Amino acid sequence: MVTYSSDVEAVRAFTEKYEQLKKEVGRVIVGQDEVLKNILITIFSRGHVLLIGVPGLAKTLMITTIAKSLGLSYNRIQFTPDLMPSDIMGTEILDENRNFKFVQGPIFSNIVLADEINRTPPKTQSALLEAMQERSVSIAGQTRKLPEPFFVLATQNPIEQEGTYPLPEAQLDRFMFNIFLDYPSFDEEVNIVKATIGGEVYEPKQVIDLEEILYFQRLLQKIPVADNVYQYAVRLSVMTRPGTPSAHPWANQYLSWGAGPRSSQNLIVAAKCHAVLSGKLSPDIEDVKAVACLVMRHRMVKNYRAEAENISIEAIVDEFLKAK
């Protein structure tokens, strides 16, 4: 059983484990430090991530390496147009004794990589909804709990739109963070090529166990938050809603739909973890601002005027953050 003499000592232990995890994953993944940090924030905050990036940026390798460093079970699901919900959740079969037996699908894992999630029809995409929100699946009238911790990382390819099914807003809202994975720098790409062409592949070591992960998840839930930080997070979400009394002028001008209450919740939860990793014992407004774009950009829908004027969702979030 994991125990510490105080929450302050536990917070210090958490930051030390984070640094060890970052170092261990960094022995396999070159660069992408900020992406790694945001994925780990989501895992310890009990959230899910939508990762958007072009092919070849080591998305699968990164998640595999994180899973090994965390000592968690891991499954990858390649989403295709013919994938069925039962291929994800599992199904009942008749065994040799003519009794129904449930065979678990790949979703029964601590970490699930939903690769190219927008390549499968909405019926199959929706199979993830209950799992992500309730951490359980209902099959043949029976609810089955998923293992804890449970984390879904879904990927999308931004350059291929033919034969894809855009995720509906209800499913996008289930993701805590929307992370953009960019190309590596020139020097980073040189190091990647050196490390992968003809070199030995490093096998990452486990640096934390399941019991510690669950302990740190519970620890983050107990982190105190000042009222002004709660109010700022809610105010930030409220100002995104066009046509409402508190709407920001840019929301009325460039948005057809704003962020819902889940945005406010995730801003606070993510700010807690960001604060702890920054050496604080409680989040402040700067921590909320640091995670705002990751939390909000997939929860707002631009209108035709924003598209016509080539106004990005990131520019809109930046404008909200400047508001007093």
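A: Buried stands here for under 20% relative accessible area, exposed for over 50%, and partly exposed for what lies in between (1.4 Å probe, protein chains only). The model is a predicted one, in which local features need pLDDT of at least 70 and side-chain atom pairs count only at pLDDT 80 or more, while totals for chains, interfaces and linings use all residues. Residues are numbered from 1 along each chain as its sequence is written, and side-chain values use heavy atoms, with hydrogens and water left out.

A salt bridge requires a side-chain nitrogen of Lys or Arg within 4 Å of a carboxyl oxygen of Asp or Glu, and by this rule the count is 16. One of them joins glutamate 19 to lysine 22, with 3.6 Å between the closest N and O atoms. Both lie in helix α1 (residues 7-26), 3 residues apart and thus separated by about one helical turn; helices (H or I, at least four residues) and strands (E, at least two) are DSSP runs, numbered from the N terminus. Glutamate 19 is partly exposed at 41% relative accessibility, and lysine 22 is also partly exposed, at 28%.

Another salt bridge brings together the side chains of arginine 76 and aspartate 115, at 2.8 Å from N to O. This pair links distant parts of the chain, 39 residues apart, with arginine 76 in strand β2 (residues 74-78) and aspartate 115 in strand β5 (residues 111-115). Arginine 76 is partly exposed, with a relative accessible area of 42%, whereas aspartate 115 is buried at 8%.
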